[in-house]
Amino acid sequence: MIVRTLDEVIGTEDDVSNAEKTWNSRRLLLARHGMGFSMHDTIIPEGENQFWYKNHLEAVYCIEGEGEIESRDTGQKWQIAPGTLYALNEHDKHTLRARKTLRLICVFNPPVTGEEVHDEDGAYALPPQSS
Ligand code: 9YT
């Protein structure tokens, strides 16, 4: 059994932010844990992020904050509050806006390894060993 706490992850290499500090992702489960998905406790400060997970499916469950998600494929918008889940089942290009700092539980399939960098599309490339 694997038991980890957020406190154990904070400040380690599994606590990752982008250069612009527009997101901070505390990775509780990664590919190396062998679960077939990764699970992240993510903080999105007030502001806007554009994401596209071309190679991954992601489900996101909001537990704190307030914001909006817009599909850049369709232009559709949804409000986000604690208790709201969105699932990017079509690898949707999306813009995430936080009006109040969002805290999100994110699950990725295939799992994030922790080595990903955003490619020229802004997506995470799949590492060669991923299945
Ligand atoms: C909301 C969202 O896409 N979270 C993912 C955060 C971050 N890109 C990560 O964990 O890699």
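## Arg27 in strand 2

In this predicted model, Arg27 belongs to strand 2 (residues 24-29); strands are DSSP runs of E with at least two residues, numbered from the N terminus. Arg27 is buried, at a relative accessible area of 4%, where buried denotes under 20% relative accessible area with a 1.4 Å probe, protein chains only. Its side chain forms a polar contact with the side chain of Ser25 at 2.9 Å. A polar contact is a pair of N or O atoms within 3.5 Å, one able to donate a hydrogen and the other to accept it within protein; residues adjacent in sequence count only if both atoms are side-chain atoms.

## His33 in the following loop

His33 is located in the loop between strand 2 and strand 3 (38-44). His33 counts as buried, with 18% relative accessibility. The His33 side chain reaches the backbone nitrogen of Leu30 at 2.9 Å.

Beyond neighbours within four places in sequence, His33 is in contact (heavy atoms within 4.5 Å) with Ile2, Arg4 and Leu28. His33 and Ile2 are separated by 31 residues in sequence and by 8.1 Å between C-alpha atoms.

## The largest nonpolar core

The largest nonpolar core has 18 residues, of which Ile44, Phe51, Ile80, Tyr86, Leu96, Leu102 and Leu104 touch the most other members. Such a core is a set of buried Ala, Val, Leu, Ile, Met, Phe, Trp, Tyr and Cys residues joined through side-chain atoms within 4.5 Å. Strand 5 (57-71) and strand 8 (94-109) each supply at least two residues of this core, and strand 8 gives the most, with six.

## Basis of the values

Residues are numbered from 1 along each chain as its sequence is written, and side-chain values use heavy atoms, without hydrogens and water. In this predicted model, local features need pLDDT of at least 70 and side-chain atom pairs count only at pLDDT 80 or more, whereas totals for chains, interfaces and linings use all residues.

Note on methods
Helices (H or I, at least four residues) and strands (E, at least two) are DSSP runs, numbered from the N terminus. Buried means under 20% relative accessible area, exposed over 50%, partly exposed in between (1.4 Å probe, protein chains only).
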